[in-house]
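The sequence and structure are shown first.

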Amino acid sequence: MKVITSSLDGTIKQWDYNDGILLKTYTIWMSIYSIFSPVNSKNLFVILRETDTFREGSGEVRYCLKSFTLPKTAKQTVPIEQTTLVLQGLDNQQKKVAFGVNCEYAVAVNEKDLFIKFFEESEEDSRRHFEHNEGKFTCVACHPTEYCIATGDAVGHLTLWRNFHGSLKSLSKNKNHWHALKLEDVCFTAEGSYIFTVGHECTVVQWQYSTNSRDFLPRLGAPIHQVSCSPDNTFIATSHKDNAIHLLSNRSVVQTFQGLTRAFSQQLKTIPTGLTLDPRTKAVVMNGKPGHLQFYAMHNDKQLFNLDIVCQNYITPMKLDKPIIHTEVENAAFDCHGDWLATVERRDDGVTSMEMRLKFWQWDAERQSFILNTCVELPHQAKVTDLCMRPPNNKLETSPMAATTSLDKKFKIWTLVDDSDIYRENECWNCQSVGFYHDLPAVKAAFSTDGSLLAVAFQQIITLWDPDLNDLKMVLSPLPINQAIIRQMHFGNGASSQYLVVTSDNLLAVWNLLTCSVFWTVDVGADIVSLVKDPSTDYFAAITKTKVFVFKATEQEPKFTYRVKKASIMAAIFVPHAKERSGPDVLAWQQKSQLYLMDDLQQILTIRSEAEFLKLEKQKSIKLSNLQENLPLTPFSALLEKRERKGMKISGAVMHGTPSTAAVKQLLETPAHVLPSVSSLCSSFMKILLVPKSTNNSKEIEDDSDEERSEDEHTDSDESDMDVSEVRNEHAQEIDQSEGQQPTSVSEDMVYIRKVSKQSRSSFSWMKKYFSEVS
């Protein structure tokens with residue numbers, strides 16, 4: 001089985017599906033936006049960009065549909081020289097092109113235009129063009145056996161087009177409407193008895209083709225972008241805007257393929273929670289679906305699970321330009337062991353009163369998930385700006401503690417207390433103390449490494465508190481820049497534990513808490529969007545939208561600087577390695593942890609040295625070569641391997657005519673598509689199987705060869721007229737008779753060798769005939 005893929009680099013690649021091996025690469029020298037391989041068609045169809053704009057001076061880019069045939073050649077890279085224009089003035093979306101009734105015609109939609117191209121008709125009469133008087137087209141599909149076209153538009157209509165062979169007068173349209181928003185995709189079942197439509201309602205609608213009756217599968221979690229039906233009608237696949245694929249069968253979801261969950265709501269232009277590390281699983285935790293947190297393992301590139309924080313269904317808006325404001329998770333923090341998770345969720349539409357909850361979740365080992373322990377309604381009177389949990393103190397036994405800051409000019413300290421009653425033992429979280437300073441908004445909070453100190457930033461002023469007594473210890477003077485509000489704040493680790501690193505707009509500053517003074521400051525030249533520290537070392541990373549600075553709190557000069565190209569960074573995090581890495585190809589600050597960046601397209605990026613990048617590419621190529629060497633054996637190659645390993649025993653002796661290892665390996669490892677025909681290989685390969693002539697008896701064998709030549713030619717001519725199965729049976733009987741003979745003298749041995757040689761030539765004749773018939 002082969003798979004064909006296309007890319008914007010202008011290449012079409014042909015892959016072996018079972019083994020994952022690249023077979024051929026075809027180049028077309030133009031960006032390919034979509035590729036089609038219709039059933040019962042020898043041609044491939046691609047969507048390419050037109051060389052000129054569709055309308056002069058409009059600046060609007062249009063695309064065209066072209067067809068071509070893949071050339072048959074043994075070369076690995078093949079250029080495609082000739083293509084045929086099918087339709088032009090199109091869009092580059094794949095779901096706006098379809099093929100109907102055994103690829104008799106092609107259909108494409110764009111804006112309010114419907115284009116049809118009949119392949120069997122003449123060039124002048126082969127094209128049809130119809131206009132739609134409703135909303136703009138969004139998708140199209142064709143009935144597999146009948147001349148019917150189904151289209152979807154921006155107002156949610158499903159329209160069935162029939163009698164489109166002739167003029168506009170003969171055209172008939174049947175309009176159906178259920179979707180409140182635009183219809184994203186449409187498809188027919190394999191036999192055409194049902195139609196499936198999807199959209200922003202998170203629902204799959206099943207239409208009966210003959211009666212237009214409807215059936216629904218609702219609440220699939222996220223708006224559906226595409227839908228497809230399997231050839232045997234067993235499964236329905238839906239592609240969702242949160243980067244998930246669901247397999248549906250018997251009105252239920254049987255399988256979900258979920259990568260990194262993509263935030264599709266217009267409300268989430270950024271990641272409110274940022275990137276947080278789960279200490280238990282070493283997974284990166286961030287916003288996922290609306291009201292969810294996703295746990296994503298960077299080492300395995302796999303999503304572990306989604307945690308529903310809000311416990312509310314996604315509600316589809318009435319208009320896409322006026323989305324509904326959902327309750328969203330804005331803050332999340334773990335304790336050092338991953339036993340507790342604290343979250344803050346909020347909903348504020350500016351019309352009704354604000355909803356806000358502080359929740360504490362406890363890890364349940366039996367359920368392997370977090371269970372809600374405490375829910376605090378309206379913990380602050382305004383938005384919560386920061387949430388952090390205290391690290392444990394190895395010298396003192398301390399209970400879990402969390403701190404929250406808010407724009408209501410207060411910070412609160414939360415502790416785990418005993419909440420036992422007469423029925424059971426229980427623990428819950430309670431507010432222990434409240435703090436404030438000079439009626440200023442509290443913007444950030446951070447605990448020291450040993451948990452004995454709490455730093456709270458009130459706009460541009462940093463205050464130091466004893467978290468157990470809620471006692472103000474020290475007030476640090478404002479930063480050198482006037483009215484510079486603190487954006488991020490972290491204590492150092494290890495040798496840098498006495499330093500406090502803060503950022504304010506484009507300023508990076510480090511405070512020495514032993515002297516209560518600014519140790520050093522640096523102007524990075526742009527707003528710092530993220531400040532993260534390595535949990536395993538004393539390294540920090542300050543990230544702007546286009547630059548990365550890696551440094552230590554003890555040194556002003558950065559250890560590493562990198563400019564990010566073609567991306568705008570939103571968040572970053574250090575993830576510890578499963579095993580510490582070392583070597584000349586690994587950067588010094590990446591030996592224990594790896595820095596990951598998330599851009600505005602919600603893509604995860606990382607930084608590697610050039611040597612490490614080349615090493616990874618080499619490892620990939622080695623894996624592919626090993627995969628090719630370990631391919632499963634065919635029945636014929638398994639037979640040859642068995643003969644080579646055990647040998648062919650005749651009369652208790654090993655036959656010394658088996659092919660060499662190099663010859664067999666070269667034959668079996670060569671790709672099948674570059675080998676010549678089997679009939680041409682048969683002669684040279686079967687000569688290897690023949691028994692070599694003995695040097696001592698070569699003269700006697702040559703004397704007998706002339707006498708046997710005529711007999712052999714007569715035998716070969718007779719055997720060529722025989723059926724292959726009869727020759728096989730006769731050959732098997734000869735082997736059975738020969739196995740019963742034992743050489744007793746030199747002369748008998750020479751006779752036996754001549755008989756075997758004759759038998760080998762006889763077997764060669766029927767195998768040659770067999771291979772020629774197979775080829």
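## Y147

Y147 counts as partly exposed because its relative accessibility is 34% (buried means under 20% relative accessible area, exposed over 50%, partly exposed in between; 1.4 Å probe, protein chains only). The residue lies in the loop between strand 13 (137-142) and strand 14 (148-153); strands are DSSP runs of E with at least two residues, numbered from the N terminus.

The side chain of Y147 makes a polar contact of 2.5 Å with the side chain of E104 (a pair of N or O atoms within 3.5 Å, where within protein one must be able to donate a hydrogen and the other to accept it, and residues adjacent in sequence count only if both atoms are side-chain atoms). Beyond four places in sequence, Y147 touches V101, E104, Y105, W161, R162, F164 and H165, with contact meaning heavy atoms within 4.5 Å. N163 is 16 residues from Y147 in sequence, and their C-alpha atoms are 7.4 Å apart.

## Basis of the model

The model is predicted: local features need pLDDT of at least 70 and side-chain atom pairs count only at pLDDT 80 or more, while totals for chains, interfaces and linings use all residues. Residues are numbered from 1 along each chain as its sequence is written, and side-chain values use heavy atoms, leaving out hydrogens and water.

## N331

N331 belongs to strand 29 (residues 328-334) and counts as buried, at 9% relative accessibility. Its contacts outside four places in sequence include T273, A342 and D386.

## Sheet 41-42-43-44

Four strands form an open antiparallel sheet in the order 41-42-43-44. Strand 41 (488-491) and strand 44 (517-523) are the edge strands, each pairing on one side only; two strands pair if DSSP finds at least two bridges between them. Strand 41 is joined to strand 42 (residues 499-504) by four bridges, and M489 has V502 as its bridge partner in strand 42.
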